[in-house]
Amino acid sequence: MRRGAVGWCVAFAAAGGLQAQTAPAPQPSPSPSPSTPAGQAPYKLRIVGGLAGLNQYTRQEEPFWNKELSRLSSGRFEAEIVPFDRAGVPGSEMLRLLQLGVVPFGTTLMSSFTAQYPEYTAPDLAGLNPDIATLKTTLAAFRPYLEKALRDQHGVEALAIYVYPAQVVFCKKPLRSLAELSGRRIRVSSSTQADFVGALGGVPVLTGFAQIVPGLTAGNVECAITGTMSGNTLGLPALTSHVHALPVTWGLAVFGANRTAWTALPPDLRALLGRELPKLEAAIWEESERETADGMACNRGAPHCVAGRKGSMALVPVSAQDERSRQDILSSTVLPRWVQRCGARCAEIWNQTIGPVRGLVAAPASK
């Protein structure tokens, strides 16, 4: 574990480990209310949220925990939130830290499960969800299995599932179709994106988000897969000329709680979160859908661009051939390779959950 993670987790331990959600020391009390007697500090949660700087965090998660929770509870309950990429908590370790109770309440990208628990990445395989409506039905089919597996196998209660905007292809050179990605070096962020790019004849280059601009500037990659609006925020309209409209993946995240910490909360706080977290989840999904469309509008400089910087990129629409390629690559490459990494049990899980709603059967991994 990195030093930052250790330091942050020590802060939890110093505040009482699993009981770190209570106020660690006397603090100035909020104004007295019917629910909060004068002189009594509010019950305080510590939350690890999503990625810093993105609208999911700044417009939704942070205001909910920092302001709305106190307002909704008349000052009885408060929270302190930090984005996981600034808490020094490696994404690949978050599930383990939740399981141990070192982080009682935390958010983890489902793509970070790839190495240890690839079965959990099934709902966002590359090419599986060409629009957000499809993604919703895919997740709905998989969610009961995911929630039960996290609870039974890891002692983690899945309280919400968030989504980031569509991940699409930005390229420096002209692009007319997915087929023209053949031979190009393309930044990817996951093994399933790499499978998709490789099937198109492209050369996948696995790098972090922070390396997108340096990679394009240095010529190490010619294209990059990233979010429609995050690409705009990075300044990709000044570095690339074409953006393809097909969502390769989206980006799902689970907000979960250590089950012991969750059951130890006051019943009225659990009830409040049970009512309000589905609303926060719905707001984040709506934000993601808006941001996907607005990112595209801003990248091409459309008049209805709202939140981003207007570029002048060429938008490459999804052609009938592109749609055929997506379906073929999903069934012939992406799904079989996921099963190879994941094992025979994953083929069973797929065929019991997502397969029926997508009309796609997963064959068991060959030995």
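Q: Before we dig in, what should I know about the model and the numbering?
A: It is a predicted model, where local features need pLDDT of at least 70, side-chain atom pairs count only at pLDDT 80 or more, and totals for chains, interfaces and linings use all residues. Residues are numbered from 1 along each chain as its sequence is written, and side-chain values use heavy atoms, with hydrogens and water left out.

Q: Okay, how are two packed helices described?
A: By the angle between their axes and the distance between the axes. Here, axes are lines fitted to C-alpha atoms, for helices over the stretch in contact, and angles run from 0 to 180 degrees between N-to-C directions. Helices are DSSP runs (H or I, at least four residues), numbered from the N terminus.

Q: How do helix 2 and helix 10 cross?
A: Their axes come within 10 Å and cross at roughly 155°. That makes helix 2 roughly antiparallel to helix 10 (angles under 35 degrees count as roughly parallel, over 145 as roughly antiparallel, 65 to 115 as roughly perpendicular and the rest as oblique).

Q: Which residues meet there?
A: Among them are F64, W65 and L69 in helix 2, and L273, L277 and I284 in helix 10. Contact means heavy atoms within 4.5 Å. By class, this contact of helix 2 with helix 10 has eleven nonpolar, three polar and five charged residues. Ala, Val, Leu, Ile, Met, Phe, Trp, Tyr, Cys and Pro count as nonpolar, Asp, Glu, Lys and Arg as charged, and the others, Gly among them, as polar.

Q: And what about helix 11 and helix 12?
A: Those axes come within 6 Å and cross at roughly 130°, so helix 11 and helix 12 are oblique to each other. L335, W338, V339 and C342 of helix 11 touch C346, A347 and W350 of helix 12. The residues of that contact divide into seven nonpolar, no polar and no charged.

Q: Switching topic, how big is the second largest pocket?
A: Its volume is about 200 Å³. A pocket is, on a 1 Å grid over the protein atoms alone, an open set of points where a 1.4 Å probe fits, with protein on both sides within 12 Å along at least five of seven lines. The volume is the space filled by probe spheres set on the points, which are joined across faces, edges and corners.

Definitions and conventions:
1 Å grid on protein atoms, 1.4 Å probe; cavity = no way out; pocket = protein on both sides within 12 Å on 5 of 7 lines; lining within 4 Å. Helix = DSSP H or I, 4+ residues; strand = E, 2+ residues; numbered from the N terminus.
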